[in-house]
Structure formats: structure tokens, C-alpha cells
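Welcome! Please have a look at the sequence and the model below, and then read on for a short tour.

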Amino acid sequence: MTANVVETSPVVEVKGISKTYPGGVEAIKNIDLQIPKGKLTTLLGPSGCGKTTLLKIIAGLLPQSGGEVLIGNTPVHGPGPERAFVFQDFALLPWASVLRNVSFGLELRKVPKEERHEVARKYIKEVGLEGFEDAYPHELSGGMRQRVGLARALTVDSDILLMDEPFASVDEQTRRKLQDDLLQLLEVEKKTVIFVTHSIEEAVYVSDHVALLGPRPSTIMRVIDTRLENVQGEDIRRSKRYLDLVEDLWQILKQYLV
Amino acid sequence: METQHKHRSYEQLLLRLLSFVLVFGVWELAGRKPISVAFPTFTATLAAFVRLILDGTMLKAFGTTLVPLVIGISLVGIIGVLFGILMGLYRTFEWFTLPVFVIIQSAPMAALIPLITFLYGIGLGAKVLAVVLMAAPVIVLNSYKGIRNANPTLIQMGTSFLADERQRIFKIIIPDASGMIFAGLRLGVSSGFIGVILAELLITPTGIGDLITYYRALALYPEMFASIVAIVAFAAIVVGSLQRLEGVLFPRERKTAG
């Protein structure tokens, strides 16, 4: 285990970020974190610990109360083209087809219709939704809707993918399939991912590093290297390394539960 | 499956017809008893209705009644919806105008209709104003609520994909509110009918309102009832068709699925 140290150069740097909500609730306090380029870093912690708050501050969707977020040495003021967000409840336009939803990010950037539909079709295929281009969100299952959300985030070609509990609203079987598909996709796409979850198993399974957040007002308690390079595919969940990591994380998080 | 479905819809149709037969039958019996000299039988009313249709009286009356209705609804349909949208989007506008519409909505507007005569005389303008006064509150307030309750996650999604102010309003907020705005228009049309008939009864007897008062004065009760039933049925059909159209344009699933 390594504490707050990463080998590759950071692409996102969180420096002393605090957030106090109007009304005085202190969600996060003085958070320092470095997100390495091309890796998947997970923010893990109990419900209500401020993981999503931190992610939305990095996304530029929420203003921080103190500190700063640097992306490649430039401070963040609001959302930017180098970051794309995947929402927990999908945030699809209910009146728009899959094709329009996936190409919506490009539509907002005023990319011509033909061009954006071509890009969207490529990513619809990549997330496994080929043939559903003309379907509407209400005709899709939760897992498929999140694939649409993921495809939409991929079309805008951002280097950084911010995923807010993306698989929390789908059932367990679908979640495992989505996790596998995400990992496969990332091997092709080479993105820097910041992933939020409250599931220890999910965190260990998908991430290169896990940043543990404590209870409110939360700080980063530890950053743990959770790479599982020597085990592959089906064996991961049975490997000693995986099981040890799950247990270690549980032992740390357990102390903060009431 | 298909035949079963068909079977059920036949059954439904039969039940509906039966309920009409029942109501008309009770009407016929009550008219024959008779409960009042001023209460004609169903068959006498139907005969009067056919007479009024054949000699053109009914069509002419409808033509007159519909003019202020169409003008009034078109006016509030455009200006009222625009007003509601602005109130939903901009706080200053809301503070300025919301109280007026809340008061108008809760006040018994029918009481104001005689007052219109003092201000606007007895012409077409007065009737249009009656329609506007009755229809405006629900149209404006529904548009306002639709905009104000637009899905915040969708708005945040727009922000994260770099939507500008214009795109946020025209590509997310207004489409999301359109179902509610349309429902307001439908309710507005139904209030507009009340407005125009009140105006024709209380301001100047023209159109259907004139038929009702004229035949009452002559004690031609079947004709009077035929006129009343005709306008009631016409309003029910118009509002019912709008409701159907609403179901087609804004299906329930599309409102909720995200």
C-alpha cells in the first residue's frame, strides 16, 4: 500500500478543497488528492461522505468553499471540454432517441448533424447498443440507459471521465457486466477516470487506486494501490490479492461506522 | 392476445354506449312524467336539435360563439405561455407577476364579467377579454410550474456538457416543460368555454348564449335544452380530443424516464 503517492504524473490535482453547504453542513474538509493520468481512481466511502460533492467540484458543477482543483496546472472554473460526466441517474433526455442522446454533447458544441451522428453511432456500437439507435430511454433497461450515458460521455472525446456511482441504480448481475465492459472499453479508450462508489468490491474490481474518504466532514484517509495485474478475467474475484484488498478496505472503513 | 385485447375494447365500447342509453333513458322518463313543464323529454330535445341543425341556426350560433373563443385562446396561448416561461426562468419577473396570477386564479372570475361591460362595452372585445380572464391563470401558471420544475439533473447534465444559456433553455428546459405547458393549454380551453358562455349570457346575447336566452323567453324548452346540450357536448369533445392529443405528444413514460 502506498499513501498519497502515485508513479505517473498527475493530471488532476486537488489542493485543500473544502465544501460547506449553505446552512452550515461541512461536507468535505481540506482534501488533497492527485489523480494519475490514464488510470482509474475511485473515491470510496460511506453514503453521505461527500464523494459526489468532491466529484462535482472537480467537474466544475459545484463551487468549492476553499482550495483549488488543477487540471494540467490550470485551475478549474466551471466545466470544461477535457472532462465528461456520467450521472448516477443517467440524465438522459426522455424525449430524445438513443442516437440524439448520445450525440447531445456534440449537438451542444454545434457539430453538424451528419458528423455527430457518425461519431455517436461508433460509440453506441462500442458500448454494445447497436440496433437501439432509434429507441427511447423509457424502452431501455437501467443498464442499457447507463450505456447510453457512458456513450454520450465518450463522444465528446474528453481525456477525463468523471463517473458518479454509475452502476448504483442497476441490479447486481447487470452491474458486474457493466464493470467488465467498462474495463474493456477503457483499454481501448485510454482515459483518466475518477469513479465514485460506495461498494468496496466494485472499487477493488475496477480501480487502479482507491482514495478512502472518512465520515463528514470527510478527508482523504488513505490512497491504496489496488491494481490486480497478475490476475485475469474470471479469476479476479477468487484471487488472494482481490480478497485481501476487499478485506483491508473493509477493516479501514469499518472503524468509521457507527 | 390480440383478439383478447379487441374483445376487451368491444366490451368497453358497449359499456360506454350502455351508460349513454341509461342516462338518456332516465332523462326520457323524467321528461314524460313530467317533473317540470320546463323539462322536455330526450326525444323532444333531440328533435329540436335536428331542427336547429337543419335550418342552420345552430351552425350560425356556433360560428358566432367560437370567434371570441378562438381569438382569446390564441392570445393567451402565445402571450400567456411566454409570460409563464419568463416567470419560470427569471426570478425578478416571477416576483413582479406571480402574485397577480395567483390572485386571479383563486378569485371567482365570473363575478368580474359584468364589470367588463363598463370598461370594454358589449362588443367582441369584451367577450375576448372574458375568455382571456378565465383562461389566462391556468395557462400562465402551468407554464411557470413546468419551467420551474424542469428536471435539475438534466440541467446539470447540460451544464457539464457545456450548454450555453440559450441551449439550456431551448434544448432542455422548454422541452422538459412542454408536457405541462400543453396540459395548461387544454385546461385553458376548457376555462375559455366557461368565459365565452358567461359573456354571452351576461354581456350581450349572441351565439349559443343568445339561443339559450331566446328560447327560454319563448318557453321553447326543447330548443333551449338542445342548445345547452350542444355546447356542453362540443366543449367535452374539444377538450377530450386535446387530452388524446396530449397523450400522443407527451406519453407518460417520456415524462418520467430519465
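## Ground rules

Two residues are in contact here if their C-beta atoms, placed from the backbone, lie within 7 Å. This is a predicted model, where local features need pLDDT of at least 70 and side-chain atom pairs count only at pLDDT 80 or more, while totals for chains, interfaces and linings use all residues. Residues are numbered from 1 along each chain as its sequence is written, and chains are lettered from A and ligands numbered from 1 in the order in which they are written.

## Where the chains meet

On chain A, 21 residues are in contact with 16 residues of chain B. Helix 3 (residues 104-108) of chain A gives the most to its side of this meeting, with three residues. Helices (H or I, at least four residues) and strands (E, at least two) are DSSP runs, numbered from the N terminus. The side of chain A that touches chain B has 17 nonpolar, two polar and two charged residues. Here Ala, Val, Leu, Ile, Met, Phe, Trp, Tyr, Cys and Pro count as nonpolar, Asp, Glu, Lys and Arg as charged, and the others, Gly among them, as polar.

## Chain A overall

Chain A has eight helices and 10 strands. A compact globule of 258 residues would have a radius of gyration near 18 Å, and chain A agrees, with 18 Å. That radius is taken over C-alpha atoms, and the globule rule is 2.2 Å times the number of residues to the power 0.38. The C-alpha atoms of chain A fill a box of roughly 50 × 45 × 35 Å along the principal axes.

Chain A is assigned domain 1 (1-82 + 160-173 + 183-258) and domain 2 (92-157), with bounds from an automatic or database domain assignment. Over C-alpha atoms, the centres of these domains of chain A are 26 Å apart. Eight residues of domain 1 of chain A are in contact with seven residues of domain 2 of chain A.

## Helix 9 of chain B

Which residues of helix 9 (residues 207-217) of chain B are buried? They are B:Gly207, B:Ile208, B:Gly209, B:Leu211, B:Ile212 and B:Tyr215. A residue is buried if 20 or more other C-beta atoms lie within 10 Å of its own, exposed if 12 or fewer, and partly exposed in between, with C-beta atoms placed from the backbone. The buried residues of helix 9 pack against helix 3 (57-89), helix 8 (165-202) and helix 10 (221-249) of chain B. Just after helix 9 of chain B, B:Ala219 takes a positive phi of about 60°.
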